[in-house]
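Me: I'd like to learn how to read the packing of a protein model. Could you walk me through it?

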Amino acid sequence: MQDIRLAIFDWDGTLMDSVGRIVACVQGAARDCELAVPAPTQIRQIIGLSLDVAMSRLFPLSSGSGSGSGSGSAFDERQIAALIDRYRHHYLHDATPSPLFSGAGELLHDWRSRGLQLAVATGKSRRGLDRVLDETGLRPLFVTSRGADEARSKPDPLMLEQILDELGLSPRQAVMIGDSVHDMAMAEAIAMPRIGVTWGVDSRDALSRHGPVAVVDSMTALRALL
């Protein structure tokens, strides 16, 4: 991978150990909206998607509680908006720890010091991404980033295309690093090299179905690839 000039990271489940917090907040939002509470395994499948797509998959049209006037898509849009609002409320106040994975900061500093450009492509909103970049102190390491509300939801590759256009790079000059099949499929769609990590939401087998150049089990193994 000697021609790689840019490493693009997913955030949740790749750099930050936030899966438990996301699960707790989705479940809290469901309870607040008086909907059936999804199991953790169901929630893990939507991590990485934009919130509107994620909530629509977890709480389809047929899951409405029946409260409120009207029916069909108008009610569903209100339901999804309410779920997103409650999710964001819980995420701000939930006490579930969400630290960086061990070795993540060291890897980022090492790669940046050796001249590799770094970026983020995440299912978080811009507001949510800005918050964690500032809280972790990692913002100066990244040359650019895209949140889900600035493009289309993964696995659509638009956010990767936007990053490449901004930096004047081709897909073959970048690598996507993520823990979910959504990350792998997004990069696969534009023939961008991709690396799967197994400490997040999806298994080695699931990640491998999208033809990554590698699937790694530790931050040390990832660091050795570039």
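This is a predicted model: local features need pLDDT of at least 70, side-chain atom pairs count only at pLDDT 80 or more; totals for chains, interfaces and linings use all residues.

Me: How does the radius of gyration of the protein chain fit a compact globule of 226 residues?

Reply: Such a globule would have a radius near 17 Å, and the protein chain has 18 Å, which agrees. Along its principal axes, the C-alpha trace spans about 60 × 35 × 30 Å. The secondary structure comes to 10 helices and 6 strands.

Me: Which residues touch the most other members of the largest nonpolar core?

Reply: A nonpolar core joins buried residues through side-chain atoms within 4.5 Å. Here the largest has 29 residues, and F9, W11, W111, F142 and L222 touch the most other members. Elements that each supply at least two residues include β1, β2, α6 and α10, while α5 gives the largest share, 4 residues. Apart from this core lies another, of 23 residues, with V23, A29, I46 and V201 among them.

Me: What is W11 in contact with, leaving aside neighbours within four places in sequence?

Reply: Among its partners are M16, L100, V120, L133 and F142.

Me: And on the outside, which residues form a nonpolar patch on the surface?

Reply: M1, V213 and L225 do, with about 240 Å² of accessible area together. V213 sits in the loop between α9 and β6.

Notes: Residues are numbered from 1 along each chain as its sequence is written. Side-chain values use heavy atoms; hydrogens and water are left out. Buried means under 20% relative accessible area, exposed over 50%, partly exposed in between (1.4 Å probe, protein chains only). Contact means heavy atoms within 4.5 Å. Patches are made of residues with over 30% relative accessible area and no salt bridge: like charges are joined within 9 Å, nonpolar side chains (Val, Leu, Ile, Met, Phe, Trp, Tyr) within 5 Å. Accessible areas come from the Shrake-Rupley method with a 1.4 Å probe; for residues, only the protein chains shown count as cover. A salt bridge is a side-chain nitrogen of Lys or Arg within 4 Å of a carboxyl oxygen of Asp or Glu. The radius of gyration is taken over C-alpha atoms; the globule rule is 2.2 Å times the number of residues to the power 0.38.
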